[in-house]
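Good morning, and thank you for joining. Please have the sequence and the model on your screens as I go through them.

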Amino acid sequence: MGRDNVVFAVTSKGRVGMLVWNTFLNDARVLNEARTLARGGYQVTIHALALPGVTPLIDTPESGITVRRCGGGQGRKQGRSDSRHGSTRLVLLWQAVNRSFALLQMCWAAITSRPDILHAHDVNVLPTAWLAAKIARVPLVYDAHEISTDREGYQAFRGLVGWLEKKLMPRAAGTITTTDARAKFFARAYGIPRPLVLQNRPRLVKVEGSNRIREELGLSEPWPIVLYQGGLQPGRGLPRLVEAAASVPNAYFVFIGGGRQAAELHELTAELGLEERVRFIPTVALSELPSYTASADIGVQPIENTCLNHFTTDSNKLFEYVIAGLPVVASQLPEIGKVVRNHDLGLLVPPGDTAALANAIQRLVESAELRAYYRAKAELAAESLNWETQEQALVELYERILPVSRVAREGR
């Protein structure tokens with residue numbers, strides 16, 4: 001297990017250019033893929049977005065991986081008052097110009113890095129990566145992290161997204177997605193071979209249990225800590241989780257992360273008078289997250305069935321809870337349910353049912369024996385539900401594509 005799953009090379013097998021539409025500060029999936037390829041002998045350059053004053057334009061997080069950032073205003077916070085920044089129309093125009101400039105920069109950077117393969121992470125950068133691959137005459141890998149044609153917040157763009165994917169996905173030399181259900185969807189929707197499935201599993205990191213959350217938040221009672229970690233976004237059942245906390249005494253509820261729904265969750269917590277038992281920790285660095293997770297007692301994934309993307313997810317946070325040895329309470333959706341049932345990891349509840357969510361959490365809070373049972377199951381499941389057990393498939397995909405890339409390179 002672990003690194004032994006990948007055959008590590010002494011000399012470079014080729015240059016990989018990855019494109020992401022974020023600052024690459026907390027993208028665990030892309031980092032895992034880049035590490036796998038770098039350790040497999042590739043030189044990986046990740047083309048990401050710049051956040052002035054926060055991110056360096058060029059970074060080398062570890063051997064074989066270089067991060068190059070472009071654009072100047074992508075870090076601007078959304079939701080500011082338009083009265084301070086002109087009309088809504090001008091703000092939208094500014095954002096469109098800024099994003100277009102960043103994409104052009106990213107395209108040029110990808111081409112001039114002389115890649116052998118380009119790898120687009122999600123539909124935001126798919127057209128840019130396809131154009132760069134066309135000009136550079138190299139193969140394209142498309143990694144669809146989400147079903148963006150039916151996703152929270154993307155409804156207004158579903159027609160454009162579907163058109164882009166239908167045109168460009170069949171032209172990719174290789175395709176990847178995150179669950180079996182999503183692989184079936186893409187194959188049927190676009191008439192392509194079923195994409196390679198690489199679940200959003202973390203690497204197997206052994207972290208001893210600690211009191212990190214308890215000490216950082218100054219939690220005085222010896223109650224179990226119920227944890228949600230991830231984006232605080234609509235459709236993830238988070239207001240229901242706060243409401244459930246009101247029905248589960250003798251437990252702390254801790255949210256780790258940030259997002260559009262943060263203010264609403266804080267307001268609801270205050271409205272229900274739960275400030276002492278419902279607590280919030282801002283987004284933490286990926287390298288620090290496992291120690292936070294391991295200091296909790298129960299992991300919760302209450303995502304709701306609001307779109308096909310949620311219906312087909314298996315959730316990175318679910319795997320993070322498993323690696324940390326936490327019993328879980330999770331929504332009974334097909335892919336999540338399959339993981340929980342197959343490994344006996346905890347309790348499943350109907351999505352969108354606050355009472356059922358509260359009852360399931362209460363069962364685990366009340367029973368240390370039940371928590372210990374599921375913890376033992378999680379520790380066993382962690383030996384297989386980790387990134388290392390699937391990463392060889394990514395290396396094999398690249399090895400199938402690489403000869404095509406070499407032919408293209410020799411013909412330049």
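Val-44 has Ile-65 in strand E4 as its bridge partner. That pair belongs to a parallel arrangement in which six bridges join strand E2, residues 42–49, to strand E4, residues 65–70.

E3 and E4 make a hairpin with two residues between them. In its turn, Gly-64 has a positive phi of about 90°.

These strands are part of an open sheet of eight, ordered E3-E4-E2-E1-E5-E6-E7-E8, and its pairing is mixed. E3 and strand E8, residues 196–197, are the edge strands, each pairing on one side only. Further along the order, strand E1, residues 14–19, pairs with strand E5, residues 117–121, through four bridges in the parallel sense. Within that pairing, Val-16 has Ile-117 as its bridge partner in E5.

Two helices that pack on this sheet deserve mention. Helix H1, residues 28–39, touches E1, E2, E3, E4, E5, strand E6 (140–144) and strand E7 (174–177). The direction of H1 makes about 160° with that of E2. Helix H5, residues 180–190, touches E6, E7 and E8, and its direction makes about 140° with that of E7.

I turn now to another sheet. Six strands form an open sheet with parallel pairing, in the order E11-E10-E9-E12-E13-E14. Strand E11 (278–281) and strand E14 (346–349) are its edges, each pairing on one side only. On average, neighbouring strands here are turned by 20° against each other, direction ignored. Within the sheet, strand E9, residues 225–229, and strand E10, residues 252–256, pair in the parallel sense over five bridges. Tyr-228 has Phe-255 in E10 as its bridge partner. Helix H7, residues 238–245, packs on the sheet and touches E9, E10, E11 and strand E12 (298–301). The direction of H7 makes about 160° with that of E10.

Next, the empty space. Rolling a probe the size of a water molecule over the atoms shows where such space is left. How many cavities of 30 Å³ or more does the structure hold? There is one, and the largest cavity has about 50 Å³ of space. Its lining residues include Arg-240, Pro-302, Ser-331, Val-349 and Asp-353. By class, that lining divides into five nonpolar, two polar and two charged residues.

Helix H11 (316–324) and helix H14 (368–381) are the elements that give two or more residues to the lining. That lining has eight nonpolar, five polar and five charged residues.

I close with confidence. The protein chain averages a pLDDT of 90, and 89% of the residues score at least 70. Over residues 74–85, however, the pLDDT is below 50. Beyond near neighbours in sequence, this stretch has 18 contacts in the model. Where pLDDT is low, the predicted coordinates should not be read in detail.

Key. Residues are numbered from 1 along each chain as its sequence is written. This is a predicted model: local features need pLDDT of at least 70, side-chain atom pairs count only at pLDDT 80 or more; totals for chains, interfaces and linings use all residues. Side-chain values use heavy atoms; hydrogens and water are left out. Two strands pair if DSSP finds at least two bridges between them. Axes are lines fitted to C-alpha atoms, for helices over the stretch in contact, and angles run from 0 to 180 degrees between N-to-C directions. Contact means heavy atoms within 4.5 Å. Ala, Val, Leu, Ile, Met, Phe, Trp, Tyr, Cys and Pro count as nonpolar, Asp, Glu, Lys and Arg as charged, and the others, Gly among them, as polar. pLDDT is the predictor's confidence in each residue, from 0 to 100. On a 1 Å grid over the protein atoms alone, a cavity is a set of points where a 1.4 Å probe fits but cannot get out, and a pocket is an open set with protein on both sides within 12 Å along at least five of seven lines; lining residues have an atom within 4 Å of a point. Grid points are joined across faces, edges and corners, and a volume is the space filled by probe spheres set on the points.
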